[in-house]
Amino acid sequence: MTQHLAELNKQNLDVSDAEITLISHVLCPFVQRSVIILKEQGTSYQRLDIDLANKPNWFAKVSPLGKVPVLMLEGKNSLFESQVICEYLDEINTSSMHPDNAYEKAHHRSWIEFGSGILGDIVGVYNATDKAGLEQSLQSIQTKLSQVEKQLSQGPFFSGDTFQVIDAVYSPIFRYFNTLEKYVDCSFFEVLPRISAWRHALSQRASVQTAVAMDYPERLETFFKARNGYLSSLIS
Ligand SMILES: N[C@@H](CCC(=O)N[C@@H](CS)C(=O)NCC(=O)O)C(=O)O
C-alpha cells in the first residue's frame with residue numbers, strides 16, 4: 001500500500017490499493033459516464049460513493065475542484081474531470097470506444113461537449129424557482145436535442161451499431177427524463193424520433209442499467225424535492 005493511500009485510509013477513506021477506484025456519487029451523471037465505460041470495457045474497478053453534502057476531509061486532496069468523479073490509480077495517482085477520465089480509460093484499453101477516423105473522433109468529442117451543456121439545462125430545470133424558469137430550461141433542452149437529432153442516422157447508437165464513448169455520455173442525460181417526464185411536459189421527444197429510438201436503445205444496455213443503483217429513481221426524486229424549487233412543488 002502506498003504512503004499516500006495509507007494516509008488517506010487513516011482519514012477513513014475506505015479504499016483499497018485496487019488498481020482503479022472511482023470516487024463517485026450515487027446520482028452524478030458525470031460519474032455514470034465513467035462507470036458505463038468501465039463496464040463496457042470489462043475493467044475491474046472499485047466504486048466509492050461519497051456524500052457531496054458532507055465531503056470527507058481527504059476528498060480535497062484528490063479533487064482540486066471538489067467534484068466527482070475522481071479516478072484513483074493504485075490508490076496513488078488521481079485524475080479529475082469526467083471526460084478526461086473517459087479518454088484515459090479509452091486510451092489504456094486495447095480497443096477504443098471512439099471512431100478510428102480523426103475527424104469522426106473529433107466530431108464525437110464536439111457532441112460530447114454539447115451533451116455536457118444539456119446537463120447544464122437539466123440543472124436549470126430542477127433549480128428553477130418558477131414555472132417560467134423551468135420552461136425556459138426545458139425549451140433549451142428541446143432546442144439542443146433537436147440539433148442532436150440531425151446528427152443521428154440509422155441507429156441504434158450515435159454512429160450506428162457500435163456503442164461508443166458518446167453513447168455513454170448521453171445515457172445519463174436521457175435517464176433524467178424517466179423521472180422528469182412524470183412531472184413536466186417532455187412531449188418534445190415525440191417529435192424527435194431518432195433521439196427517442198436512441199434513448200430507448202441506451203436504456204436497454206446492461207452497462208447503462210447497472211451504472212446506478214436500483215433505488216436511483218427514488219433518490220433522484222428525493223434530491224429534486226430537496227431543491228425547494230418549482231419542480232419540487234410539482235412532486236407530491
Ligand atoms: N466538469 C465536471 C463536472 C462534475 C460535477 O459537476 N460533479 C458534481 C456532481 S454531479 C459535483 O461533484 N459537484 C460538487 C458538489 O456538489 O459539491 C466533470 O465532468 O467531471
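Helix 7 (residues 165-180) and helix 10 (residues 216-226) cross at roughly 75 degrees, their axes coming within 10 Å. The two are therefore roughly perpendicular to each other. This is a predicted model, where local features need pLDDT of at least 70, side-chain atom pairs count only at pLDDT 80 or more, and totals for chains, interfaces and linings use all residues. Residues are numbered from 1 along each chain as its sequence is written, and side-chain values use heavy atoms, with hydrogens and water left out.

- Helices (H or I, at least four residues) and strands (E, at least two) are DSSP runs, numbered from the N terminus.
- Axes are lines fitted to C-alpha atoms, for helices over the stretch in contact, and angles run from 0 to 180 degrees between N-to-C directions.
- Angles under 35 degrees count as roughly parallel, over 145 as roughly antiparallel, 65 to 115 as roughly perpendicular and the rest as oblique.
- Helix 7 makes the contact (heavy atoms within 4.5 Å) through Arg-175, Tyr-176, Thr-179 and Leu-180.
- Helix 10 answers with Tyr-216, Leu-220, Glu-221 and Phe-224.
- By class, this contact has five nonpolar, one polar and two charged residues.
- Ala, Val, Leu, Ile, Met, Phe, Trp, Tyr, Cys and Pro count as nonpolar, Asp, Glu, Lys and Arg as charged, and the others, Gly among them, as polar.

**Helix 2 against helix 4**

- Helix 2 (residues 29-41) packs on helix 4 (residues 82-92) at an angle of about 10 degrees, with the axes 9 Å apart.
- That makes helix 2 roughly parallel to helix 4.
- Helix 2 contributes Phe-30, Arg-33, Ser-34, Ile-37, Leu-38 and Gln-41 to the contact.
- From helix 4 come Ser-82, Gln-83, Ile-85, Cys-86, Leu-89 and Asp-90.
- The residues of this contact divide into six nonpolar, four polar and two charged.

**Domain interface**

- The protein is divided into domain 1 (3-92) and domain 2 (102-234), with bounds from an automatic or database domain assignment.
- Their centres, taken over C-alpha atoms, are separated by 23 Å.
- Domain 1 puts 16 residues into the contact and domain 2 puts in 22 residues.
- About 1,700 Å² is buried between the domains, and carbon and sulfur atoms give 64% of that area.
- Buried area is the accessible area (1.4 Å probe) that two parts lose on being put together, summed over both.
- Leu-27, Arg-33 and Ile-36 supply 34% of the area that domain 1 buries against domain 2, more than any other three residues.
- Two salt bridges are counted between domain 1 and domain 2; each is a side-chain nitrogen of Lys or Arg within 4 Å of a carboxyl oxygen of Asp or Glu.
- Arg-205 forms a salt bridge with Glu-40, and their closest N and O atoms are 2.9 Å apart.

**Backbone and loops**

- The peptide bond from Val-68 to Pro-69 is cis, with omega near 5 degrees.
- Pro-69 sits in the loop between helix 3 (59-62) and strand 3 (70-73).
- Gly-155 and Pro-156 are also joined by a cis peptide bond, with omega about 5 degrees.
- Pro-156 lies in the loop between helix 6 (131-149) and helix 7.
- Glu-74 is not a glycine, yet has a positive phi of about 50 degrees.
- The loop between strand 3 and strand 4 (77-80) holds Glu-74.
- Ala-18 belongs to the loop between helix 1 (3-10) and strand 1 (20-24).
- Leaving aside neighbours within four places in sequence, Ala-18 is in contact with Gln-46, Glu-74 and Gly-75.
- Ala-18 and Leu-73 are 55 residues apart in sequence and 7.6 Å apart in space, C-alpha to C-alpha.
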